[in-house]
Amino acid sequence: MTQPLISFCIPTNGISKWVFPVLDSIYNQQIDNALFEVVVEDNGKNVEFKKKMRAYALVHINIQYSETKAHEFLSEVESYKKARGLFIKFINHRTVLKPGALQYFIDFVHINKEEKPCVYFGNGVIKSVDGQEKYSTFNDFVANLSYFSSWSTGMGFWKEDFKKIPIDQRYNVLFPHTTILFNEPKKSKYIIDNNILLDELSVGNIPKGRYNLFYAFAVEYPAIICDLLRRNLITEKTFLKVKNENHAFIQGLYFDYIVLKKSCSYNLEHYKESLDVFYSYKELKKDIFVLFVYRCFRKIMHLLKICISIGRKGK
């Protein structure tokens, strides 16, 4: 069987409302099925989804559908092990491909298959990167990627590089993709591709995640970046940059889920303790107060402008 150019790996816990629109967004692009494959790794218990998924796979011969007992995010790694493509692209089970995205990924593989650079697809979220930017060192790659390296949706890598990882490798349970992303610190080229290729489906009332949110982003993720520093793979300047920008991200989480008490499925236990490991809970509260005052001021100014505009029109 001919090796496909690219494998789209979709780990899921079996949510039909998300997975099938994602699959349709791939197959609706009318690309030769011999050029790609889809690997769906299911660690859920949704019997109806399993039946529907098997039926879908019968229609599309380039789908690998498997059930796994791998816990939560580790099902991601299981999908990579089964992938046969020259290049592997992680696809979140709630992100659909935009029209033309499949051809874009195929073209990327064709252009880069000899050099095989380390790449991350930012999908427009990395505001400091315009289009596609290249770096010659791992340190610059990590610095410009910043805390977005915690986001698995941007993952793409070469099967050849994945095979270099030992079979008995222990993957980070919360961020298994970082084990792969940071396993190539000696490449000659690194790429951050920030072109918008995916659209995220509405979460609605479906639980998005049940892991401990503040432990994940305030303890586990900074520890991963700190380990890069300890191994002399990044500079102290880069570590502090990523740590501080991750702090701003955590402030937003705190404001939404602790201050505003927005509904979520995340585990928010022991957030104070988690925030005191790499950061300062006391200082964060001060920053949040300033942020709250600033947002209130902006809202008041916005309302004031509206009132003035209405007043002028009434004259």
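How many bridges join strand E1 to strand E2, and which way do the two strands run? In this predicted model, strand E1 (residues 6-12) and strand E2 (residues 36-42) are joined by 7 bridges, and the two run parallel. At the residue level, threonine 12 has aspartate 42 in E2 as its bridge partner.

## The sheet and its helices

Strands E1 and E2 belong to an open sheet of 8 strands, whose order is E3-E2-E1-E4-E8-E6-E9-E7 and whose pairing is mixed. At its edges are strand E3 (63-67) and strand E7 (132-135), each of which pairs on one side only. From one strand to the next, the twist averages 20 degrees.

Helix H2 (residues 47-59) packs on this sheet, where it touches E1, E2 and E3, and its direction makes about 155 degrees with that of E3. Helix H4 (residues 101-112) also packs on the sheet, touching E1, E2, strand E4 (87-90), strand E6 (118-121), E7, strand E8 (155-158) and strand E9 (190-193), while its direction makes about 130 degrees with that of E1.

## A covered helix

Helix H5 (residues 138-145) is mostly covered, since 6 of its 8 residues are buried. The buried residues of H5 are Phe138, Asn139, Phe141, Val142, Ala143 and Leu145. Among the elements that cover them are the strands E6, E7 and E9, together with helix H7 (176-181), helix H8 (213-230) and helix H9 (236-259). Just after H5 comes serine 146, which takes a positive phi of about 55 degrees.

## Salt bridges

The structure holds 17 salt bridges. One of them is formed by glutamate 41 and lysine 82, whose closest N and O atoms are 3.0 Å apart. Because glutamate 41 lies in strand E2 and lysine 82 in helix H3 (residues 75-82), this pair ties together parts that are 41 residues apart in sequence. Glutamate 41 counts as buried, at 0% relative accessibility, whereas lysine 82 is partly exposed, with a relative accessible area of 29%.

Aspartate 42, the bridge partner of threonine 12, forms a salt bridge with lysine 50, and here the closest N and O atoms are 2.9 Å apart. Lysine 50 counts as buried at 9% relative accessibility, and aspartate 42 counts as buried at 1%. Both residues take part in a network of salt bridges that links Asp42, Lys50, Arg54 and Glu67.

A further salt bridge brings together the side chains of lysine 189 and glutamate 115, at 2.9 Å from N to O. This pair links distant parts of the chain, 74 residues apart, with lysine 189 in the loop between H7 and E9 and glutamate 115 in the loop between H4 and E6. Lysine 189 has a relative accessible area of 17% and is therefore buried, the cut-off being under 20%, whereas glutamate 115, at 43% relative accessibility, counts as partly exposed.

## A nonpolar surface patch

Which residues make the nonpolar surface patch of about 350 Å²? The patch is made by Phe297, Met301, Leu304 and Ile308. Leucine 304 is found in helix H11 (residues 281-314), and this leucine 304 is partly exposed, with a relative accessible area of 43%. In general, an α-helix has 3.6 residues a turn, so residues three or four places apart point the same way.

Note on methods: Residues are numbered from 1 along each chain as its sequence is written. This is a predicted model: local features need pLDDT of at least 70, side-chain atom pairs count only at pLDDT 80 or more; totals for chains, interfaces and linings use all residues. Side-chain values use heavy atoms; hydrogens and water are left out. Two strands pair if DSSP finds at least two bridges between them. Helices (H or I, at least four residues) and strands (E, at least two) are DSSP runs, numbered from the N terminus. Axes are lines fitted to C-alpha atoms, for helices over the stretch in contact, and angles run from 0 to 180 degrees between N-to-C directions. Contact means heavy atoms within 4.5 Å. Patches are made of residues with over 30% relative accessible area and no salt bridge: like charges are joined within 9 Å, nonpolar side chains (Val, Leu, Ile, Met, Phe, Trp, Tyr) within 5 Å. Accessible areas come from the Shrake-Rupley method with a 1.4 Å probe; for residues, only the protein chains shown count as cover. A salt bridge is a side-chain nitrogen of Lys or Arg within 4 Å of a carboxyl oxygen of Asp or Glu. Buried means under 20% relative accessible area, exposed over 50%, partly exposed in between (1.4 Å probe, protein chains only).
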